[in-house]
Amino acid sequence: MRLIVYAAATLTFMGAQIAPSFAAGNPQAEGLTEQIVETTPREGVYQRSLLSRKATQGEKWLVVSFPGYPGILRLAQNDGVIEYGLKGNFLVRARRHLVSNDIAVATLDCPSDQFADCGDSYRASDKQVRDVEAQIEALKAIVGPQVKVALIGTSYGTVSTEILALKLGGKVDAVIHTSSITKPHREIGLVLYGIDLTKASMRQLLVHHQDDPCDLTPFAPLEKYQGIIPIMRVKGQSNPHGPDCQAFTAHGFVGRERVVMNSIGDWLVNDHLTEVIE
């Protein structure tokens, strides 16, 4: 496996250039540094992640993030500028609220041979397992071998986190599923049929808006895990707009980004569960 680390660079976000030492959102307030980490987990294939940090050492957790559909960021660095897609996705736009002195976040792109689809068949395959293991190895080499590893997915990204929760036992310490696909249909999330998250060996957390309007991700089916896997129930939203399954409705925790991410971080670091987020 080959590892490439791109130097910290200016970040392009929603058409604006932001200074190298900061991340998207409110850089003056957040004070993050970011870099692209590239691995070559399979012959002729590269995979990249965007590593966001506040501390320069000593974090307790490395969180590997799987954005929503289609999960294809096309991370690149051109003339010192980091560029990527899916800027509005919940995990992408709100990553700054999860990063802390205790938590580094790596937003994962799909591997280069999956840029056309990155669908169910790849996410259910052993290729994805090997690719994610390679990224974790490379990221731990940067953040530190002592760091614990968590996976977090949102919406279609939970196809990956649910499958990997069952396949990476002993290699990751926690998995967080947000806006999970609870009612798969057609070609979206069909590989999740029959998945039983109670069989995973690591800590898990389900984070879901009680009024999620997306037909793929209703809240009610999660009740089967009540009392077995901890659930954060999110209430309220601010200025929802766009299609039901997109990121600026309750499906993407619009208006609740900071409190949701802070509560996830509190659960990771302090094992404190906020059952209802308003």
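Buried is used here for residues under 20% relative accessible area, exposed for those over 50% and partly exposed for those in between (1.4 Å probe, protein chains only). The model is predicted, so local features need pLDDT of at least 70 and side-chain atom pairs count only at pLDDT 80 or more, while totals for chains, interfaces and linings use all residues. Residues are numbered from 1 along each chain as its sequence is written, and side-chain values use heavy atoms, with hydrogens and water left out.

Helices (H or I, at least four residues) and strands (E, at least two) are DSSP runs, numbered from the N terminus. The buried residues of α6 are G157, T158, V159, S160, T161, E162, I163, L164 and A165. Their packing partners include α5 (126-143), β10 (148-154) and β12 (203-209).

Next comes the nonpolar core, a set of buried Ala, Val, Leu, Ile, Met, Phe, Trp, Tyr and Cys residues joined through side-chain atoms within 4.5 Å. In the largest one, of 25 residues, V63, I176, V207, V260, I264 and L268 touch the most other members. Helix α7 (257-270) is among the elements that supply at least two residues each, and with five residues α7 gives the most to this core. Another core, of 24 residues, lies apart from it and includes L51, A104, L139 and V143.

Helix α7 also holds E257, which is buried at a relative accessible area of 16%. Counting contacts as heavy atoms within 4.5 Å, E257 touches F90, R93, A94 and H97, leaving aside residues up to four places away in sequence.
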